[in-house]
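Let's take a walk through this structure together, one group of residues at a time. Keep the 3D view open as you read.

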Amino acid sequence: MRLRVNGADHEVDVEDDMPLLWVLRDELGITGPKYGCGIAQCGACTVHMGGVAVRSCQVLVGDVDDEVTTIEGLGTPIAMHAVQEAWVEHQVAQCGYCQAGQIMQASAFLDLNPDPTDAQIDAAMSGNLCRCGTYPRIRAAIRTAAAKLQGV
């Protein structure tokens with residue numbers, strides 16, 4: 001099976017019903033997406049498929065029909081995505097476990113809604129859980145990223 005992940009093509013020899021998260025982590029060694037709940041309720045495994053945020057623990061690799069982007073492919077330490085820059089600026093991460101999923105959800109959300117209200121941010125991010133409770137900093141970082149993406 002052929003997958004395009006973070007701009008690179010990969011051949012994997014796995015069953016079609018293997019969750020994408022396992023393929024990313026165990027077959028390709030891409031560890032940004034995390035295993036959280038395994039039932040798409042926490043968002044720690046969030047990646048983009050064709051630019052849309054999906055829970056990779058619930059996507060079967062046989063159903064992958066577009067390029068997959070993980071946190072490793074969103075930006076680089078030298079050229080970070082605006083959301084990643086805002087995360088650093090607002091010191092969002094505490095333990096960091098959920099942050100890759102949070103950032104992937106936020107970046108996909110801002111692609112769809114470049115000027116969100118706080119209520120829209122809260123709704124869009126409600127499926128991504130943070131045990132450290134960094135929600136106010138997450139919201140502030142998303143507002144900052146939205147402004148940066150709009151050139152404000």
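Predicted model: local features only at pLDDT ≥ 70, side-chain atom pairs only at ≥ 80, totals over all residues.

What follows is a short tour of ring pairs, surface patches, salt bridges and backbone angles.

Residues are numbered from 1 along each chain as its sequence is written, and side-chain values use heavy atoms, with hydrogens and water left out.

Let's begin with the aromatic rings. A search of the whole structure turns up one aromatic pair. Its members are Trp22 and Tyr35, whose rings sit 5.4 Å apart from centre to centre with 35° between their planes, a tilted arrangement. To pair, rings of Phe, Tyr and Trp (its six-membered ring) must have their centres within 6.5 Å; planes under 30 degrees apart count as stacked, over 60 as edge-to-face and the rest as tilted. The pair links distant parts of the chain, 13 residues apart: Trp22 belongs to helix 1 (residues 20-27), while Tyr35 is in the loop between helix 1 and strand 3 (46-49). Helices (H or I, at least four residues) and strands (E, at least two) are DSSP runs, numbered from the N terminus.

Together with Tyr97, Trp22 and Tyr35 make a nonpolar surface patch of about 290 Å². Patches are made of residues with over 30% relative accessible area and no salt bridge, where like charges are joined within 9 Å and nonpolar side chains (Val, Leu, Ile, Met, Phe, Trp, Tyr) within 5 Å. The areas come from the Shrake-Rupley method with a 1.4 Å probe, and for residues only the protein chains shown count as cover. Tyr97 is found in the loop between helix 3 (82-89) and helix 4 (99-112), and with a relative accessible area of 40% Tyr97 is partly exposed.

From Tyr97 you can look across to Gln41, which is 56 residues away in sequence and 15 Å away in space, C-alpha to C-alpha. Gln41 is in the loop between helix 1 and strand 3 and is exposed, with a relative accessible area of 51%.

Another patch on the surface is one of negative charge, where Asp13, Glu15, Asp16, Asp17, Asp26, Glu27, Asp63, Asp65 and Asp66 gather. Here Lys and Arg count as positive and Asp and Glu as negative, while His and the chain ends are not counted; the place of a charge is taken as NZ of Lys, CZ of Arg, CG of Asp or CD of Glu.

How many salt bridges does a search of the whole structure find? There are eight, a salt bridge being a side-chain nitrogen of Lys or Arg within 4 Å of a carboxyl oxygen of Asp or Glu. Glu11 and Arg2 form one of them, with their closest N and O atoms 3.1 Å apart. Glu11 is exposed at 54%, and Arg2 is exposed at 55%. Glu67 forms a salt bridge with Arg4, the closest N and O atoms being 3.7 Å apart. Glu67 lies in the loop between strand 4 (52-55) and strand 5 (68-69) and Arg4 in strand 1 (residues 2-5), so this pair ties together parts that are 63 residues apart in sequence. A network of salt bridges links Arg2, Arg4, Asp9, Glu11 and Glu67.

Elsewhere, Lys148 forms a salt bridge with Glu85, and their closest N and O atoms are 3.6 Å apart. This pair links distant parts of the chain, with Lys148 in helix 6 and Glu85 in helix 3, 63 residues apart. Helix 6 (residues 135-149) also holds Ala146, which is buried, with a relative accessible area of 6%.

Our last stop is the backbone. Asn6, in the loop between strand 1 and strand 2, has a positive phi of about 55° although it is not a glycine. Gln91, in the loop between helix 3 and helix 4, has a positive phi of about 50° and is not a glycine either.

Key: Buried < 20%, exposed > 50% of the residue type's maximum accessible area, 1.4 Å probe, protein only.
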